[in-house]
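User: I am new to this structure. Please show it to me, and then let me ask how you know what you say.

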Amino acid sequence: MGSVDDWITEFFIRKGRLFGRVLQAYRERGVKEAHLIAMLLEKHGVPRGSRIIELGCGSGRISVPLAREGYKVTCLDISSEYVEEALEYAQNMGVKERVEGVVGDAWKVDELVEGGYSAALMVWTTLIGYKGSPETDIELLSRIRKIIVPGGKLFILRHTDRDTIVARNAQCRMDTIASDLGDLFVIEKPRFDPVTSILENTWTYYKKKGDELEFLGKQGFKIRIYTVTELIDIASKAGWKLEALYGGLNQDPFIPGRTSINAVLVAD
Ligand SMILES: C[S@@+](CC[C@H](N)C(=O)[O-])C[C@H]1O[C@@H](n2cnc3c(N)ncnc32)[C@H](O)[C@@H]1O
């Protein structure tokens with residue numbers, strides 16, 4: 001039996017190229033999202049020019065456009081390939097000097113970077129829940145707390161809400177989801193266990209070749225999903241206090257069962 005987070009190595013490193021294609025396909029969307037995030041950062045006292053860190057930054061979909069918005073960004077990810085791609089993206093966008101790449105495990109972030117950041121970000125159901133228990137998430141958020149200045153902020157953005165997963169799935173049964181991403185086609189088969197709150201998902205990747213689909217590979221993840229109440233409780237045990245809660249990056253209201261969780265927390 002492997003450890004609970006073996007899927008992380010499998011999904012993002014061993015078979016990381018598969019998910020890397022999705023990250024690439026969402027790059028354009030990342031520019032728009034980063035602009036909304038910059039407005040959110042400004043609103044919550046993190047002005048352009050501030051030093052911020054994105055944990056689980058992937059190939060820089062958000063970090064690099066944030067650097068273009070004027071932030072000094074550390075882009076940390078467990079995948080060296082994604083970080084390399086992020087640095088290449090930064091170079092191409094002319095913001096190389098404002099992006100620092102760090103390869104490593106976010107659970108050791110306080111050992112990997114110097115600290116003194118004005119804010120930390122996690123975007124798109126990233127890291128929280130990946131190791132399967134509230135204890136591991138308290139540990140993660142406590143480590144992050146150590147690298148943030150007093151009064152600094154933590155942005156947990158576009159994070160999956162348990163209520164939304166449950167509401168979407170009468171009797172906790174989920175439909176297959178198909179995503180058409182340019183020359184890529186991805187089929188998702190999610191399953192949610194209401195007892196453990198674990199969301200398992202299998203992604204199958206195909207490359208479009210005219211009317212044909214060429215099989216590229218298959219991979220799966222297994223993450224713990226929280227209600228907003230549970231998430232805020234976990235964050236408070238790690239020294240974070242809720243400052244604001246939204247339903248989207250555009251600052252729409254949070255609606256349990258309908259929106260994602262977009263939480264702004266302050267170092268308590
Ligand atoms: C869902 S992706 C989100 C990527 C990015 N935030 C975005 O919005 O494009 C999650 C990212 O977390 C990274 N990751 C997973 N486990 C990690 C860990 N223990 N430490 C650092 N990064 C990790 C993955 O490699 C992946 O890039």
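User: What share of the 268 residues in the protein chain do buried residues make up, and what makes a residue buried?

Analyst: This is a predicted model; local features need pLDDT of at least 70, side-chain atom pairs count only at pLDDT 80 or more, and totals for chains, interfaces and linings use all residues. Residues are numbered from 1 along each chain as its sequence is written. A residue is buried if 20 or more other C-beta atoms lie within 10 Å of its own, exposed if 12 or fewer, and partly exposed in between, with C-beta atoms placed from the backbone. Buried residues make up 36% of the 268 residues in the protein chain.

User: How do you know whether the radius of gyration of the protein chain agrees with a compact globule?

Analyst: The radius is taken over C-alpha atoms, and the globule rule is 2.2 Å times the number of residues to the power 0.38. For 268 residues that rule gives a value near 18 Å; the protein chain has 18 Å, so the two agree. Along the principal axes, the C-alpha atoms fill a box of roughly 50 × 45 × 40 Å.

User: Which residues of helix H1 are buried, and why are they said to line one face?

Analyst: Helices (H or I, at least four residues) and strands (E, at least two) are DSSP runs, numbered from the N terminus. H1 spans residues 6-14, and its buried residues are Ile 8, Phe 11 and Phe 12. Seen down the axis of H1, they fall within an arc of 85°, so they line one face. The arc is that of the directions from the helix axis to the C-beta atoms. On the other side of H1, Asp 6 and Arg 14 are exposed.

User: What covers the buried residues of H1?

Analyst: The cover includes helix H2 (16-25) and strand E9 (212-224). Contact here requires C-beta atoms, placed from the backbone, within 7 Å.

User: What makes up domain 1 and domain 2, and how many residues does each give to the contact?

Analyst: Domain 1 is 6-161 + 226-267, and domain 2 is 164-223. Those bounds come from an automatic or database domain assignment. The contact takes 17 residues from domain 1 and 16 residues from domain 2. H2 gives the most to the side of domain 1 that touches domain 2, with 4 residues.

User: How many residues surround the ligand, and which are closest?

Analyst: The ligand is surrounded by 21 residues, and the closest are Phe 12, Gly 56, Gly 58, Ala 106 and Trp 124. A residue is near if its C-beta atom, placed from the backbone, lies within 6 Å.

Notes
Two residues are in contact if their C-beta atoms, placed from the backbone, lie within 7 Å.
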